[in-house]
Structure formats: C-alpha cells, structure tokens
Amino acid sequence: MLPFLTLPLNTYAQLNVDDTYTAEELVSTLLGEGVTVSDITIDCPGGAYGYFDCVDCNVGIPNGILLTSGSVGNAVGPNNSPSQSSSLGMPGDPDLDMIPGVLGTNDACVLEFDFTATSDTIRFNYSFGSEEYLEYVGSFNDVFVFYISGPGIAGTDNMALIPGTATTVSINNVNDAVNSEYYNINGTGFNAPFNSDDYYIQYDGFTTVLEAKHAVFPCETY
C-alpha cells in the first residue's frame, strides 16, 4: 500500500525511489510557503518510506514522499507481478483498526509532525495505491488517512477523504466498481502494456490524484 504524498536510487525506472531520506528531509519536501514544522517523528520499518521522483510515470504526481506497508522498492514498475509485496511482521495502527470495514492492520507506517501555517487552509495532493487490488476488495482492506488535530477541531479529523464524502480512502471504498471515477486500473501483473512498460508502476491499482485540505487558524499549531 502506498500513499504518494514514496532501496537505493533506481535510475533505470520511470518511478525512482530513495529510502535514505530522514523524516525531517521527507517533511521538508511537503512544505509550501508560510508553513513551519516541528516535532517530526516517523514510526515505520526501514525501507518502508522514502522519496519518489516520477519521471514520466503514471502516478500523476511529479515527486514527493512514499509511505508503504512494505518496501518502497515494490512500487517501481513495470507491473510484472500479481503479488509484489513485503511482509514485515510489524504491528498495525490502533486508529486505523477502528475505521469501519478495516479488519485489523499490519505493518503500519506513520509520519507525524506539528505545523503552523500563515494561511487559513492546509492542503496537499496524494494518491493511494495497493497491490491488493482487485482480488482482495471486500476482504483485506489497505487504507490511508491523514489525521489533523488542533485549535477548532474536536479530537481528530481525517483530511484524506473521497471527494464530497466522509468516506475513508481504501481499496474497498475506491475500486473499479465503487467510486470508480477516482480509480486507475493498472493491470494484473500479466497483461500488456502494464507488465512491460516502465511508465506503469507496480501496484495493480491506485487512485487518481486527490486533494486533502482542511481549514486552520493562521499561526496556530496543529
């Protein structure tokens, strides 16, 4: 599972990933003008997070960070395997486990930081992909959230929702039959051109580029 908010640098592929970035370096790639951050932590196994550069690949985001429940190297195309994955044997996340339809999580990857913005809105673009498409839709359920808390927010809000809804982004909620306008079919691992062209990433499916945004109070910490 990956949210694109990506082994050593793989320069042979259209999607290049680098797992040597620190948490601080990853967050710095997300920052726009007028945003400052502090207290950055990451709780992910080594190799499960990194930076990506999309050189004419089909993700739809030119560069950013990749958080996975496996290895960032598994995202590199073409899609020539139906089940490219890495089981890390690490725990899941209790917040994700409470989401309806999520049947328990494993190998969670969590990036956290405090931020202050001079504007009244925070936003970012992301894509969510999974190797569990489509065979595990309705059973196992890869999921992605971006929780925000702070002034004016009761508890936490999930910024990463299917547009116009209060629905979490997961393989059960975005696929070829449900909210399909936000879903990209990316082959099965066996069929062309997905399995032979480096333009295509490895995951069997992923969302279109979605925007997560939330109103904030300027100069307050979230």
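Hi everyone, and thanks for coming. Two housekeeping points before we look around. Residues are numbered from 1 along each chain as its sequence is written, and side-chain values use heavy atoms, with hydrogens and water left out. As the model is predicted, local features need pLDDT of at least 70 and side-chain atom pairs count only at pLDDT 80 or more, while totals for chains, interfaces and linings use all residues.

Let's start with confidence. The average pLDDT (the predictor's confidence in each residue, from 0 to 100) is 90 for the chain, and 94% of the residues score at least 70. Please keep an eye on residues 6–11, where the pLDDT is below 50. That stretch still has 25 contacts in the model beyond near neighbours in sequence, a contact being heavy atoms within 4.5 Å.

Now to the rings. How many aromatic pairs does the structure hold? There are 10 aromatic pairs. For the bookkeeping, rings of Phe, Tyr and Trp (its six-membered ring) pair if their centres lie within 6.5 Å; planes under 30 degrees apart are stacked, over 60 edge-to-face, and the rest tilted. Take Phe 113 and Phe 115: the ring centres are 6.4 Å apart and the planes meet at 55°, so this pair is tilted. Phe 124 and Tyr 126 are also a tilted pair, because their planes are at 45°, with centres 5.6 Å apart.

Are these residues buried or exposed? I use buried for under 20% relative accessible area, exposed for over 50%, and partly exposed in between (1.4 Å probe, protein chains only). Phe 115 is buried at 6%, Phe 124 is buried at 15%, and Tyr 126 is buried at 0%. If you click through the neighbours, you will find one aromatic cluster made of Phe 113, Phe 115, Phe 124, Tyr 126, Phe 144, Phe 146 and Tyr 222.

Next, the second largest pocket, which holds about 290 Å³ of space. A pocket here is found on a 1 Å grid over the protein atoms alone, as an open set of points with protein on both sides within 12 Å along at least five of seven lines; a cavity is a set where a 1.4 Å probe fits but cannot get out, and lining residues have an atom within 4 Å of a point. Grid points are joined across faces, edges and corners, and the volume is the space filled by probe spheres set on the points.

Of the 16 lining residues, Leu 30, Gly 32, Val 35, Ile 122 and Arg 123 are the closest to the centre of this pocket. Which elements give two or more residues to the lining? They are β3 (35–43), β6 (110–117) and β7 (121–126), and β7 gives the most, with 4 residues. Helices (H or I, at least four residues) and strands (E, at least two) are DSSP runs, numbered from the N terminus.

On to the backbone. Most residues other than glycine have a negative phi, and most peptide bonds are trans. Where are the cis bonds I'd like to show you? One joins Gly 77 and Pro 78, with omega about 10°, and Pro 78 sits in the loop between β5 (63–67) and α2 (94–97). Another runs from Ala 192 to Pro 193, with omega near 0°, and Pro 193 belongs to the loop between β13 (183–185) and β14 (205–207).

For phi, look at Asp 39, which has a positive value of about 50° although it is not a glycine. Asp 39 is in strand β3, and this residue is exposed at 56%. Asp 56 has a positive phi of about 55°, lies in the loop between β4 (49–54) and β5, and is exposed at 57%.

Leaving aside neighbours within four places in sequence, Cys 57 is in contact with Gln 14, Leu 15 and Tyr 199.

Last stop: His 214, in strand β15 (residues 210–215). His 214 is buried at 17%, and its contacts beyond four places in sequence include Asp 120, Thr 121 and Ile 122. Along the chain, Thr 188 is 26 residues from His 214, yet their C-alpha atoms are separated by 35 Å. Thanks, and happy to take questions!
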